[in-house]
Amino acid sequence: MPSTMEDVTTKTEVEPKSANTETEKESSVCEKSEKEKKEKCDQVELIKEEEIPVETEPKTGVTFPVKLQDGKLLKAVGLRKKSMLGIGLKIYGFGIYADNEKMKELMQSKIGNKAPSKPTKEMYQMVIDSDFGMMVRLVIVFSGLSMSMVRKNFDEGLGAAIKKLTGGKNEDLTKKIMGEASDDIKLTSGSVIEISRLPGYVLQTKVMGEIVSKVESELLCRAYIYMYLGEDPFDKEAKDKFGTSMLSMF
């Protein structure tokens, strides 16, 4: 039986409504799909971070990832102690990172492909004098440490290192390492300071993620690495472990 005009009008009115509903459903599905996709990506990133192994500094319990996002590898962990009133206080745990490929190239170009029987003074000196990327991450373990105390500690350590390397003092240079970091900053247990030697003999200091200084100085870079790998290092065991890592490159 032919449709009446009223039937045709009714169908015409209903059909667009149905189309709109389908569009809304598709939009909802797309939004849901994008959301699920983002959640999965976030989960993958989280898993990736969690999968990076860590090494624990035994005297402090501080952990360090064995690899950084920029590719540098952990070469040694150690402890910086400071004697106050005859008591040895634990100040910070540290991890020494290095550009593995650049360090390997340096070792093999100077020594060849045959590993020495043990790390030599010349090998440590090559690392101290070179400019390939390195970073020392410091994790504070002594509560109530102020930036002024850290500054004084570095001034003393760098001053001694510069004197060993050059035979003289350079107080103006040693004071640049902490740059514009306020003396009022309170460093609680777990606070992180990262001091990096960048290619081109640039020493960069970050305090809790913020860059506080960036100084171009070959002497300052050499003196800083010397504190950890020189003749009188902050932690002898950490230096020895770094030496073992150098031997593994041959």
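Which residues of strand 5 are buried on one side, and which on the other? In this predicted model, M134, V136, L138 and I140 lie on one side of the strand and M135, R137 and V139 on the other, and all of them are buried. Both faces of strand 5 are therefore covered. In a regular strand, side chains alternate between the two faces of the sheet. Strand 5 spans residues 134–140, and seven of its seven residues are buried.

Strand 5 has pairing partners in strand 4 and strand 8. Strand 4, residues 87–98, pairs with strand 5 in the antiparallel sense, over seven bridges. Strand 8, residues 192–198, also runs antiparallel to strand 5, and six bridges join these two strands. M135 illustrates both pairings. Y97 stands opposite M135, while in strand 8 the bridge partner of M135 is S196.

S196 is also one of the residues in contact with Q204. Q204 is placed in strand 9, which covers residues 202–207. The relative accessibility of Q204 is 11%, and Q204 counts as buried because this value is under the 20% cut-off. When neighbours within four places in sequence are left aside, the contacts of Q204 are E194, I195, S196, L198, I211, S213 and K214.

Two of the helices were examined as a packed pair. Two packed helices are described by the angle between their axes and by the distance between those axes. For helix 3 (residues 121–129) and helix 6 (residues 218–229), the angle is about 145° and the axes are 8 Å apart. The crossing of helix 3 and helix 6 is right-handed. Helix 3 contributes Y124, Q125, V127, I128 and D129 to the contact, and helix 6 contributes R222, I225, Y226 and L229. Of the residues in this contact, six are nonpolar, one is polar and two are charged.

The protein chain as a whole contains seven helices and 10 strands. Of its 250 residues, 38% are buried. The accessible surface of the chain comes to about 15000 Å², and carbon and sulfur atoms account for 52% of this area. Among contacts between residues at least 6 apart in sequence, 64% join residues at least 24 apart.

Note on methods. Residues are numbered from 1 along each chain as its sequence is written. This is a predicted model: local features need pLDDT of at least 70, side-chain atom pairs count only at pLDDT 80 or more; totals for chains, interfaces and linings use all residues. Side-chain values use heavy atoms; hydrogens and water are left out. Helices (H or I, at least four residues) and strands (E, at least two) are DSSP runs, numbered from the N terminus. Buried means under 20% relative accessible area, exposed over 50%, partly exposed in between (1.4 Å probe, protein chains only). Contact means heavy atoms within 4.5 Å. Accessible areas come from the Shrake-Rupley method with a 1.4 Å probe; for residues, only the protein chains shown count as cover. Two strands pair if DSSP finds at least two bridges between them. Axes are lines fitted to C-alpha atoms, for helices over the stretch in contact, and angles run from 0 to 180 degrees between N-to-C directions. A crossing is left-handed if the near helix is turned anticlockwise from the far one by less than a right angle, and right-handed if clockwise. Ala, Val, Leu, Ile, Met, Phe, Trp, Tyr, Cys and Pro count as nonpolar, Asp, Glu, Lys and Arg as charged, and the others, Gly among them, as polar.
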